[in-house]
Amino acid sequence: MIPRSKTHRRVCNRRGLLIGLLGGSFNPAHNAHRRITLNAMAALGLDEVWWLVSPGNPLKPKAGMSPLFSRVKMARRLARRAPIRVSAIERELGSPYTVDTLKALRHRYPGHRFVWLMGADNLAEFHRWRDWRGIAAEMPIAVIARPGYDRHALASPAMAWLRRFRLPAGRLKNRNEWSAPALIELRFDPDPLSATAIRRTDPDWASRLVGAPPRDDLTRSLIHEPTTKRADRTKGA
């Protein structure tokens, strides 16, 4: 497999890419994220996928959320040697809402085409997201099945509206026949791994991620540790 650095030098300079966007807390990123990403790339004919690490999710409690520094650093570790770019661009865009992020990305990268990737667990509560119909109007949505969530996703208000726009995955590979809204359903071998389970068995995972700050793959800015943590380390705490 081509080393990640060489892949990115070649891919980032091309226009007209087909890019999947996978957003989330990544608290922490794990092998299931990588696996579904690579499977989605193969199924949809994507050139690369951007992992959008959220600074803060309005629908999730702040308690138990690890620092952005740690979450980006772990995500970059999991993305090595794959056509995956890790970004916390939402902190620069200034909005925690997905609809605003997607509009901003389309404005910044008008030469690319995007697909929003999300798990069935997110589809189950998609109707609670700000302007979720607006999200569907921005770009096609590919929903990835997750064990234990499919029944709730199928019964959700968002699915009741989106099912009329169902398309087979192969349609996205013809890049001249795109439209939105569009819903593509993807199903891979189930992977029971979850960030919740990792935090339960290893609650201190973030504290071991020290060293140089990670660089945002889109903005190229450095993401530093929280100021209080750096100060504590200086004091010998």
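Two strands pair if DSSP finds at least two bridges between them. Strands (E, at least two residues) and helices (H or I, at least four) are DSSP runs numbered from the N terminus. What you're looking at is a predicted model, where local features need pLDDT of at least 70, side-chain atom pairs count only at pLDDT 80 or more, and totals for chains, interfaces and linings use all residues. Residues are numbered from 1 along each chain as its sequence is written, and side-chain values use heavy atoms, with hydrogens and water left out.

**Exercise 1.** Work out in which sense β2 and β3 pair, and what stands opposite Trp-51.

*Solution.* Start with the strands: β2 covers residues 48-53, and it pairs with β3 in the parallel sense over four bridges. Next, find Trp-51; across from it in β3 sits Val-86. Now check the two faces of β3 (residues 84-87). Ile-84 and Val-86 lie on one side, Arg-85 and Ser-87 on the other, and all are buried. Buried here means under 20% relative accessible area, exposed is over 50%, and partly exposed is in between (1.4 Å probe, protein chains only).

**Exercise 2.** Find the residues that touch the most other members of the largest nonpolar core, then trace the contacts of Leu-44.

*Solution.* First, the term: a nonpolar core is a set of buried Ala, Val, Leu, Ile, Met, Phe, Trp, Tyr and Cys residues joined through side-chain atoms within 4.5 Å. The largest one has 36 residues, and Leu-44, Leu-46, Trp-51, Val-115, Leu-117 and Leu-186 touch the most other members. Then ask who contributes: α3 gives the largest share, six residues. Finally, take Leu-44 and skip neighbours within four places in sequence; its contacts (heavy atoms within 4.5 Å) include Leu-18, Val-115, Ala-142 and Leu-186. There's also a second, separate core of 29 residues, with Leu-102 and Ala-136 among them.

**Exercise 3.** Decide where the buried residues of α5 sit around its axis, and what covers them.

*Solution.* List them first: in α5 (residues 98-108), Thr-98, Val-99, Thr-101, Leu-102 and Leu-105 are buried. They span an arc of only 160° around the axis, so they're on the same side of α5. That arc is taken from the directions from the helix axis to the C-beta atoms. As for the cover, it includes β1, β2, α4, β4 and α7.

**Exercise 4.** Is Arg-133 buried, exposed or partly exposed?

*Solution.* Locate Arg-133 in α7 (residues 132-138). Its relative accessibility is 43%, so Arg-133 counts as partly exposed.
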